[in-house]
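Subject: Structure for you to look at

Hi,

Here is the structure I promised to pass on. Please open it alongside this message.

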Amino acid sequence: MQIQFQEPRFFNRLRVLDGDRAVMALNLGGADKDLFLMRPCVHPLYTPAGYPVTEMGAHNFPHHKGIWIGHAQVNGVNFFHDLVDAGWIVSVGVASEADAGSASINLELEWRDRRGTVIATEARRHTVRRSGSAHLLDMVSTLQASHGALELGVDNHSWAGCRLIDALDQDDGGSMCDSEGRKGADGINGHPVRWVDVRGAIGGHVCGAVLMAHPASAPVPTFSRFYGTSLLNPTMYEPLAIASGESWTFGARIVAYDGPVSATDLERWWSEAGGESD
């Protein structure tokens, strides 16, 4: 694979390519009117056959952008919604590497309130590779209480999210199930899961996507909606405190796949995700 940085003026993102075919793009964000993005996100994420499974700036809840991390209550600051008084997650360092089979992008991030005061820092690692008919994206976040103690409050709007393209979502004929056999967004929402799978067809091409908590993070409550959004939310029912100078790590895997897949495939992808320190 190879990583291509597209100039900040028009793109400010890194694209991952496998030969001449796009795998994903990591959008770094910024306050420029033509690049307005309050937190980094992955979009698009493609299946190996070239079908995009993510949605960006949808018709409803446009703050749900591709694959992202955020939280609406970090020491009282909203790092989830696109609001005038919300906080920004700003990239201050990027490092990347790639070989024939995979690509990795590491971000150094600052979580800043609307005045620019740093509330916390984060190290986020993205690693993507192909496995047969699927692209596997691992996203591991380490939130650091580098500027004082942190409390992540109880809120539905938290932590690792994925917004899928309309063609796949339940509202447009797709199917949704979780690792424990529950079906449909209403049946899954609020329950602890290892993964949530959504599948359907884009232009007649059968494909889907899975949002997985790494084994060291699972099971975790999920916020799931019929219009294509799922969140792995460890603070849905209890707050999370991080003492000053300490850190907290959470890992997620997002799988974009072609064709029908079996329960065995899903369990293998989940169990192979590894721990957060890998």
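Predicted model: local features only at pLDDT ≥ 70, side-chain atom pairs only at ≥ 80, totals over all residues.

Overall build first. The protein has two helices and 19 strands. Its radius of gyration is 17 Å, close to the 19 Å that the globule rule gives for 278 residues, so the protein is as compact as a globular protein of that length. Along the principal axes, the C-alpha atoms fill a box of roughly 50 × 40 × 35 Å. Of the 278 residues, 56% are buried. Take the contacts with a separation of 6 or more: 60% of them come from residues 24 or more positions apart.

Next, Thr-235. This residue sits in the loop between β17 (229-232) and β18 (240-242). Is Thr-235 buried or exposed? Its relative accessibility is 1%, and buried means under 20%, so Thr-235 counts as buried. The side chain of Thr-235 makes a polar contact of 2.9 Å with the side chain of His-71. Leaving aside residues up to four places away in sequence, Thr-235 also touches Leu-152, Gly-153, Val-154, Asp-155, Ser-158 and Leu-240.

Last, the largest pocket. It holds about 190 Å³ of space. The lining comprises 13 residues, and those closest to the pocket centre are Phe-11, Asn-27, Leu-35, Leu-37 and Met-56. By class, seven of the lining residues are nonpolar, four are polar and two are charged.

Best wishes

Technical notes. Residues numbered from 1 in each chain as written. Heavy atoms only, no water. 1 Å grid on protein atoms, 1.4 Å probe; cavity = no way out; pocket = protein on both sides within 12 Å on 5 of 7 lines; lining within 4 Å. Points joined across faces, edges and corners; volume = space filled by probe spheres on them. Nonpolar A, V, L, I, M, F, W, Y, C, P; charged D, E, K, R; others polar. Helix = DSSP H or I, 4+ residues; strand = E, 2+ residues; numbered from the N terminus. Buried < 20%, exposed > 50% of the residue type's maximum accessible area, 1.4 Å probe, protein only. Polar contact = N/O pair within 3.5 Å; in protein donor to acceptor, adjacent residues only side chain to side chain. Contact = heavy atoms within 4.5 Å. Rg over C-alpha atoms; globule rule 2.2 N^0.38 Å.
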